[in-house]
Structure formats: C-alpha cells, structure tokens
Amino acid sequence: MAKITFITTDNERITVEGSSGSLMELAVENNIKGIDGDCGGVCSCATCHVHVEPESMVKKGQANETENDMLEFDDQVNEFSRLTCQIEVSDAIDGIIVKVAG
Ligand code: FES
C-alpha cells in the first residue's frame, strides 16, 4: 500500500492510499480536483498533469517518449512534470507528493 499526497490548485493537501492501477485512476477515484483523466489513461489529453515535488523526484521515474510528446503541448510543463496516468501505483512511490498542474 502506497500513500500519495496530492496538492490541489487550491493548496489543499489530500493524502490517499492505493496499491494498484495508475496514479490518475487513484486521483479520479478520490475526486482530486484538477485531475480529470479525460482520455481514460492512454496518454492523449494531459488532463492528469502534475508537478512532482522536488523531494519526491527520486521516486518519480522517467517520463516515457509518448508522455513527453504530450507534455510538450501543455503550458504548465516544467522539469517536474509527469502525467499521472503513466505512473503506476506501487510501494515504489510510497510517500510521493505531487502538485496538480492546473
Ligand atoms: S489521462 Fe489523458 S494523458 Fe493522462
């Protein structure tokens, strides 16, 4: 079981727990504001964009090529950007903190 903290665009911190599926699915299940997952997780909408907090960078993994291509079109992109539909929920990301890109 991994604990993940989302920081919404209103600066609300919401910690949720999950053990499988994508981080986008976990966010949508928990009604995290600003994570819509419009494309259903196939990396073609960027409505699941977050900025990984710097202290969690070691756990975030690398964005894949399709993800980077998608992020290129998002105004809010920066070095901390990931699409949550491309992050698998597992113990490996326990404690990660991500900020909704908005
Ligand atoms: S849910 Fe569409 S890109 Fe992640």
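## Strand pairing, salt bridges and a buried threonine

Strands β1 and β5 pair in the parallel sense, over 3 bridges. The model in which this pairing is found is a predicted one. Within this part of the sheet, Phe6 stands opposite Val98 of β5. Strand β5 is also joined to β3, again by 3 bridges, but here the two strands run antiparallel.

**Overall architecture**

The chain contains 3 helices and 5 strands. Read from the N terminus, the order of these elements is β-β-α-β-α-α-β-β. The radius of gyration of the chain is 12 Å, close to the 13 Å that the globule rule gives for 102 residues, and the chain is therefore as compact as a globular protein of that length. Along the principal axes, the C-alpha trace spans about 30 × 25 × 25 Å.

Of the 102 residues in the chain, 43% are buried. The accessible surface amounts to about 5,500 Å², and carbon and sulfur atoms account for 43% of that surface.

**Salt bridges**

The count of salt bridges comes to 3.

| Pair | N to O distance |
|---|---|
| Glu17 and Lys3 | 3.9 Å |
| Lys33 and Asp10 | 2.9 Å |
| Glu67 and Arg82 | 2.7 Å |

The side chains of Glu17 and Lys3 meet in a salt bridge with an N to O distance of 3.9 Å. This pair links distant parts of the chain, with Glu17 in strand β2 (residues 13–18) and Lys3 in strand β1 (residues 2–7), 14 residues apart. Glu17 has a relative accessibility of 46% and so counts as partly exposed. Lys3, at 43%, counts as partly exposed as well.

In the salt bridge between Lys33 and Asp10, the closest N and O atoms are 2.9 Å apart. Lys33 lies in the loop between α1 (23–29) and β3 (49–52), and Asp10 lies in the loop between β1 and β2, so this pair ties together parts that are 23 residues apart in sequence. Lys33 has a relative accessible area of 49%, which makes it partly exposed. Asp10 is partly exposed at 48% relative accessibility.

The salt bridge between the side chains of Glu67 and Arg82 has an N to O distance of 2.7 Å. Because Glu67 lies in helix α3 (residues 65–71) and Arg82 in strand β4 (residues 81–83), the pair ties together parts that are 15 residues apart in sequence. The relative accessible area of Glu67 is 0%, and this residue is buried. Arg82 is buried too, with a relative accessible area of 4%. Both values fall under the 20% limit for a buried residue.

**Surroundings of Thr84**

Thr84 is located in the loop between β4 and β5 (97–100). With a relative accessibility of 0%, Thr84 counts as buried. When neighbours within four places in sequence are left aside, Thr84 is in contact with Ser22, Leu23, Met24, Ile35, Cys48 and Val50.

Key: Residues numbered from 1 in each chain as written. Predicted model: local features only at pLDDT ≥ 70, side-chain atom pairs only at ≥ 80, totals over all residues. Heavy atoms only, no water. Salt bridge = Lys/Arg side-chain N within 4 Å of Asp/Glu carboxyl O. Helix = DSSP H or I, 4+ residues; strand = E, 2+ residues; numbered from the N terminus. Buried < 20%, exposed > 50% of the residue type's maximum accessible area, 1.4 Å probe, protein only. Contact = heavy atoms within 4.5 Å. Pairing = 2+ DSSP bridges. Rg over C-alpha atoms; globule rule 2.2 N^0.38 Å. Areas by Shrake-Rupley, 256 points an atom, 1.4 Å probe, with all protein chains shown as cover.
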